Each structure stands twice: as C-alpha cells, then as structure tokens.
Amino acid sequence: MCATRVPGVVALRHGESARFAFQRGKLAEEGFVLCWGGSLFAFANSCPHWSVDLDLGTGRFYDSELDRIVCRNHAALFHPATGFCDWGPCSGHSLERFELSLEGNDALVQIGS
C-alpha cells in the first residue's frame, strides 16, 4: 500500500473535487477526492461497468441536482459517501474507494495494490 498526496483539499467546498494521479504496479491511474456533506471521500476515477474515466476528463464528478457522482459515459449514479451505484448499468456495484487522512491542507490517500 502506498500514500498519494493530494494538495489543498481542505479548501474544497461541497460538490467540488480534486483529481490526482497515482501508480499501481506499472499502471498509471487516476483518482479524485470529493467534498460532500462536510467530509472528504476518495475514489478511483474508473466506472465499474466498463473501466473508463467517470468525468470524461472534465474534473466534474458530482451533480448537485441528483446529489450523486455521475459517470459521464454511461449516466450511472453513485452515492457520494460510499461509491455505491444505485442507478445505471453497474447497479449494485461500487466505485473503488480509498481511505484518506489529512495532513495540514492536504489529503494522504492510501492506494491498495
């Protein structure tokens, strides 16, 4: 397990996110930290339905009208605190969620192997 630093996340407001890159083995991957309900949550930027980026490169993961993380490829909807898909082609599955801790203004996101 390794930790990835995501700078400045304490400044995020409700619904805002910060993307980050990480290595897992030899693969370069991406994740995001989302502020929701006054808490921070970290997930892999990968739809469990088809392993594509959720945000299509826009950095926008959360839809305030739906109160859900949205896969911009398949319109799947995920609960912001758990990553559980409650609508769409991957219903019943979840985003990969990472543990995080704060260090000053930054998050340390724990990436599993």
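In the predicted model, four strands are arranged as an open sheet, with the order β5-β6-β7-β8 and antiparallel pairing. The edges of this sheet are formed by β5 (62-63) and β8 (85-87), each of which pairs on one side only. Strands of a sheet pair through backbone hydrogen bonds, in either a parallel or an antiparallel sense. Within the sheet, strand β6, comprising residues 68-70, is joined to strand β7, comprising residues 77-78, by two bridges in the antiparallel sense. In this region V70 lies opposite L77 of β7.

Over the whole protein chain, the secondary structure amounts to 10 strands and zero helices. The order of elements along the sequence is accordingly written β-β-β-β-β-β-β-β-β-β.

The overall dimensions were also computed. The C-alpha trace of the protein chain extends over about 35 × 35 × 25 Å along its principal axes. The radius of gyration of the protein chain is 13 Å, which agrees with a compact globule, because a globule of 113 residues would have a value near 13 Å. Of the 113 residues in the protein chain, 40% are buried. Contacts between residues at least 6 apart in sequence include 43% that join residues at least 24 apart.

The protein chain carries 13 negative and 9 positive side chains. The centres of these two sets of charges lie 3 Å apart.

Notes:
Residues numbered from 1 in each chain as written. Predicted model: local features only at pLDDT ≥ 70, side-chain atom pairs only at ≥ 80, totals over all residues. Heavy atoms only, no water. Pairing = 2+ DSSP bridges. Rg over C-alpha atoms; globule rule 2.2 N^0.38 Å. Buried < 20%, exposed > 50% of the residue type's maximum accessible area, 1.4 Å probe, protein only. Contact = heavy atoms within 4.5 Å. Lys, Arg positive; Asp, Glu negative; His and termini not counted. Charge placed at Lys NZ, Arg CZ, Asp CG, Glu CD.
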